[in-house]
Amino acid sequence: MSEKLVYTPLDEIEKIYNELKATFASGKSRAIPYRKYQILQLAYMVKDNVKLFEDALAADLGRPQIESRMMDIDTSIGEVKDTLTSFEKWAKPENAPFALNYAAMRPVIRKEPKGLILIISPFNYPIFLTIPLIASALAAGNAIILKPSENTPATSNLLANLVEKYLDTSLVRVINGAVAETTKLLEFPWGHILYTGGGKVGKIIAAAGAKTLSPVSLELGGKSPVFVDPKCDLKVAAKRILWGKTANAGQTCVAPDYIIVPQDFQGEFVKALQEVYQEFYPDSASAPGQMSRLVSPQAFTRVNNLIKNTKGTIVIGGETDEATKFIAPTIVKDVTPDDCLMSEEIFGPVLPIMPVSNIDEGLAYVNAHDHPLSVYVFSQDNEFKAKIFNNTQSGSIVANETIIHPGVHGLPFGGIGPSGSGYHTGKYGFDMFTHLRSSLDTPGWMDRLLSFRYPPYNAAKLKA
Ligand code: NAD
């Protein structure tokens with residue numbers, strides 16, 4: 001039986017909010033040594049408890065250990081360390097570019113905290129989508145309330161317990177709960193709300209932010225297409241695509257959602273995927289420690305129904321087990337635009353292949369739909385790659401690789417339009433939670449130059 005989430009009592013939420021507002025107002029969170037200590041504690045919080053996090057992720061998602069380390073735990077420690085070593089540089093005030101008319105006014109951009117930050121996170125990467133964001137918000141000098149997902153009770157309980165143990169709880173708190181608790185939180189004004197999750201709830205968050213005039217960033221999902229060109233390194237393409245689709249059982253916001261391939265290359269591409277599938281899972285994908293499970297019975301039923309209802313041809317997988325929420329990596333060929341697999345973000349280990357007569361048909365299809373979080377292209381042909389890069393819009397664009405770009409140092413991560421707004425990781429996370437406060441400090445002697453602005457106005461002053 002899975003662990004039960006320990007809900008934060010609804011009637012305590014306002015009190016917690018007020019306590020954190022008071023801490024922020026006291027100025028405590030702004031001191032650089034204090035920020036540094038809290039970020040360091042956050043790094044230790046993960047590092048000291050790797051095994052507990054692995055166990056929690058295994059309980060919530062059936063996560064293989066290597067996926068937990070690579071995609072949640074180690075990546076988060078790396079991000080926090082990066083923030084720790086760099087944030088003082090990011091936080092330094094910046095002089096405005098020199099301009100003779102204004103230089104004496106000492107124009108400076110101060111990097112100030114926004115205040116109390118609300119981070120609402122999803123179930124799929126419950127460490128990577130919480131810990132580095134807390135680090136960014138701390139680095140910028142804010143107070144933080146984290147609302148983790150109710151769908152990962154073991155990890156969300158662990159986060160609540162460890163935050164109490166390692167961090168200053170007058171500055172950072174975890175509120176656990178589901179819709180009622182999140183709705184309560186959204187009644188208050190925030191320095192910033194960062195929401196990661198599906199677009200349907202994203203609209204609710206954006207509307208709530210509008211009511212309290214709280215700035216909102218949305219990290220959403222969508223259907224990320226993969227263009228496969230016959231002039232690609234086929235073996236590498238098959239490996240990277242299959243891995244990107246099966247890691248975390250396809251429950252990755254940037255997972256390859258569907259394939260666009262020329263009709264006459266579909267057969268060769270499927271053959272390469274079948275070979276790689278044999279290499280990845282020589283026994284069975286359901287063997288212990290090989291594949292994550294779907295997060296909930298509802299998620300299992302949704303993806304299972306997609307498999308049952310597709311009109312395409314299943315060429316790999318198709319096996320499912322309701323009791324363990326297991327869905328085998330499933331590849332479906334000859335999928336048409338009206339198929340159920342093309343109707344929503346799949347968010348499971350099912351990969352439809354949609355054959356097209358030419359690349360322009362594929363581009364027209366992608367451009368007629370919501371801008372995805374990522375567009376992928378596998379090709380060795382620079383012209384082909386450039387055509388995809390230059391004729392699509394998406395959060396990110398990646399050639400010959402899948403799903404690793406959110407972890408690549410120095411790149412911003414975020415969507416565009418229906419796949420989200422705002423950027424995080426590294427300095428971009430710090431910037432999200434930072435107010436650029438313009439400041440001047442104008443000396444009195446400048447009135448010798450500026451006195452023309454004072455009344456009484458007259459024609460002579462206009463000429464001056
Ligand atoms: P979700 O939308 O179901 O839930 C996310 C959060 O929203 C949870 O904390 C939940 O408690 C809260 N929530 C749910 N219903 C709510 C409501 N009615 N009012 C207020 N809050 C509510 O998302 P999910 O299923 O947990 O995550 C999957 C989605 O997230 C996918 O679409 C995926 O692509 C997207 N995602 C995006 C990113 C990114 O960085 N862009 C990362 C991971 C996941």
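Colleague: Which helices each supply at least two residues of the shell around the ligand?
Modeller: In this predicted model, helix 7 (179-185) and helix 8 (199-212) each do so. Helix 7 gives the largest share, three residues.

Colleague: Which residues come nearest to the ligand?
Modeller: The shell holds 28 residues. Pro122, Gly197, Glu219, Gly221 and Cys253 come nearest.

Colleague: How do the residues of the shell divide by class?
Modeller: There are 12 nonpolar, 12 polar and four charged residues. Gly counts as polar in this scheme and Cys as nonpolar.

Colleague: What makes you say where the ligand lies relative to domain 1 and domain 2?
Modeller: Domain 1 (10-220 + 424-437) and domain 2 (225-414) both give residues to the shell, so the ligand lies between them.

Colleague: Where does UniProt place the feature "active site"?
Modeller: The unreviewed UniProt entry puts it at Glu219 and Cys253.

Colleague: Is Glu219 buried or exposed, and how do you know?
Modeller: A residue is buried if 20 or more other C-beta atoms lie within 10 Å of its own. Glu219 has 27, so Glu219 is buried.

Colleague: What does Glu219 touch, leaving out residues up to four places away in sequence?
Modeller: Glu219 lies in strand 7 (residues 216-219). Its contacts are Tyr195, Thr196, Gly414, Gly415, Gly420 and Gly422.

Colleague: Why does Cys253 count as buried?
Modeller: The cut-off is 20 or more C-beta neighbours within 10 Å. Cys253 has 27 inside 10 Å, so Cys253 counts as buried.

Colleague: Where does Cys253 lie, and what does Cys253 touch beyond four places in sequence?
Modeller: Cys253 sits in the loop between helix 9 (234-246) and strand 9 (256-262). Cys253 touches Asn124, Gly221 and Leu373.

Colleague: How many residues does the contact take from domain 1 and from domain 2?
Modeller: The C-alpha centres of the two domains lie 31 Å apart. The contact takes 18 residues from domain 1 and 19 residues from domain 2. On the domain 1 side, helix 3 (50-61), helix 4 (65-91) and helix 14 (426-432) each supply at least two residues. Helix 4 provides the largest share of that side, five residues. By class, that side has five nonpolar, eight polar and five charged residues.

Colleague: What scores does the model carry?
Modeller: ipTM is 0.96 and pTM is 0.97. The protein chain averages a pLDDT of 97, and 100% of the residues score at least 70.

How values were computed
Residues are numbered from 1 along each chain as its sequence is written. This is a predicted model: local features need pLDDT of at least 70, side-chain atom pairs count only at pLDDT 80 or more; totals for chains, interfaces and linings use all residues. A residue is near a molecule or strand if its C-beta atom, placed from the backbone, lies within 6 Å of it. Helices (H or I, at least four residues) and strands (E, at least two) are DSSP runs, numbered from the N terminus. Domain bounds come from an automatic or database domain assignment. UniProt positions are given in the numbering used here, feature names are shortened, and annotations may be inferred rather than shown by experiment. A residue is buried if 20 or more other C-beta atoms lie within 10 Å of its own, exposed if 12 or fewer, and partly exposed in between; C-beta atoms are placed from the backbone. Two residues are in contact if their C-beta atoms, placed from the backbone, lie within 7 Å. pLDDT is the predictor's confidence in each residue, from 0 to 100.
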